[in-house]
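Student: Could we go through how the two chains meet? Please start with the terms.
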Amino acid sequence: MIRIDGLKKNYKDFNLDVSLDLKPGTINGLVGTNGAGKSTTFKAILGLISYKEGEIFINDKNIKDFKYEDKERIGCVMTDSFFSESFKIKDVAKILKATYKSFDEAAFYKKCEQYKLPTDKMIKEFSNGMKAKLKVLTALSHDTDVLILDEPTVGLDVVARDDILGEIRDYMEKDENRTVLISSHISSDIEKLCDTTYMIHDGKIVFNDDTDKLLSEYAALKVDEETFATMDKSHVKAYRKEKYGIECLTDARDFYIENYPSMVVEKMSVDEMMMILIKGEKL
Amino acid sequence: MRKIFKKCIDKCYTLLYSVYCYKVFIAQYNSWKVTWLVKGLGDYRMKIIVNNSSMIPIYSQIIQQIKAQIADGTLKENDALPSVRALSKDLNISALTVKKAYDELEANGFVITVHGKGTYVNGNNSEYIRESRLKEIEDDLRKAVEIANMYGITREELFEMFDMLTEE
């Protein structure tokens with residue numbers, strides 16, 4: 001479980017103001033544009049930045065009271081590769097062994113072999129895909145209750161992404177009380193894997209609900225100006241004026257399908273919702 | 001000299017024979033493993049095909065298909081459904097979606113979840129199946145009656161139509 005209560009962090013030209021409640025046994029997605037506050041939120045959860053207001057809890061313990069043993073129970077992938085570029089896999093394994101009591105060396109090497117990571121090359125010679133896989137494997141190499149993954153699939157092709165998402169599913173299968181928070185720019189990653197979706201923009205959470213509700217109860221309505229003026233907008237959350245019409249975000253898809261049978265009603269996606277919420281206007 | 005030579009040959013033969021035995025063992029193990037896997041898959045007679053582009057919510061599709069398979073006997077009483085995690089992995093959807101489907105099936109009496117063991121097809125659901133089928137027919141009949149009233153079609157005409165249909 002991860003809970004953020006009213007975290008506020010002020011920078012010179014950016015203010016973060018977020019609250020999150022992630023239940024145990026769930027995989028949660030965080031989406032947002034670059035600079036929206038995703039990485040800042042992750043850094044706050046990992047205790048890497050200070051904050052004046054707000055409390056963060058992992059497994060019901062305030063992270064301010066965390067000891068070394070508690071920190072070992074968190075696995076993370078950050079956007080910068082945190083191993084020296086001249087390390088080889090065996091050097092990485094040495095560091096992990098010295099850092100985590102629960103590091104499973106044999107399993108780590110087995111996974112590296114499974115994903116064909118070269119044992120004789122330095123990290124600087126790895127492809128982007130290999131670097132990304134190595135980061136995820138290090139996060140999974142020790143026993144944890146919580147995984148914080150900041151864009152773990154960036155730069156990966158569809159097959160590699162599927163492998164990584166599969167690893168996350170396996171991780172959850174082994175212990176039903178684990179929690180995962182993952183950020184991604186890839187809509188389908190979030191839609192296929194995550195139980196809940198949080199959207200962050202300009203430092204604030206602008207949307208948060210079960211992913212399957214986003215896919216089944218929300219929709220995009222595409223209408224012309226006249227229809228927009230006269231239609232029932234009580235279930236329209238936001239809209240975006242395009243050149244040839246207006247696109248509306250609704251959370252009551254069935255209402256519009258039933259009452260406006262000729263209206264174009266499209267299934268919502270994470271990407272589409274982001275576009276309307278960010279580039280459109282709220283109602 | 002000869003004795004040493006003979007000893008070497010014996011050792012070679014022993015080594016070759018051990019390698020042969022090992023290979024036979026590995027082949028047996030692999031074929032056993034495949035049989036076990038196939039058997040495991042066979043235990044799940046359930047088939048679910050999800051249409052991601054459909055307007056029907058995915059959890060609804062899962063519920064519909066499981067109900068249909070219980071109704072036509074593909075899924076029998078006490079058959080185990082795949083775990084929430086396993087099904088979500090196979091269908092490439094979130095575990096919460098599968099859980100919603102299983103929860104609703106359980107609320108309507110089609111399956112039972114045994115904590116720590118899994119979800120199983122409920123044996124006592126023939127009542128529910130019958131009732132849900134009756135409700136389906138009632139809903140359709142009600143629609144027909146509404147349309148009839150809208151266009152001024154009389155009760156007698158409706159009965160005539162019904163007699164004709166049920167005689168077929």
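Tutor: Angles under 35 degrees count as roughly parallel, over 145 as roughly antiparallel, 65 to 115 as roughly perpendicular and the rest as oblique. Axes are lines fitted to C-alpha atoms, for helices over the stretch in contact, and angles run from 0 to 180 degrees between N-to-C directions. This is a predicted model, in which local features need pLDDT of at least 70, side-chain atom pairs count only at pLDDT 80 or more, and totals for chains, interfaces and linings use all residues. Residues are numbered from 1 along each chain as its sequence is written, chains are lettered from A in the order in which they are written, and side-chain values use heavy atoms, without hydrogens and water.

Student: At what angle do α6(A) and α3(B) cross?
Tutor: The axes of α6 (residues 158-174) of chain A and α3(B) cross at roughly 175° and come within 10 Å. The two helices are therefore roughly antiparallel to each other. Helices here are DSSP runs (H or I, at least four residues), numbered from the N terminus.

Student: Which residues make that contact?
Tutor: With contact meaning heavy atoms within 4.5 Å, α6(A) supplies A:Gly166, A:Arg169, A:Asp170, A:Met172 and A:Glu173, and α3(B) supplies B:Arg85, B:Ala86, B:Ser88 and B:Lys89.

Student: And how many salt bridges are there between chain B and chain A?
Tutor: There are four, a salt bridge being a side-chain nitrogen of Lys or Arg within 4 Å of a carboxyl oxygen of Asp or Glu. One of them joins the side chains of B:Lys89 and A:Asp170 at 2.5 Å, N to O.

Student: How many residues are in contact overall?
Tutor: Chain B uses 18 residues against 20 of chain A.
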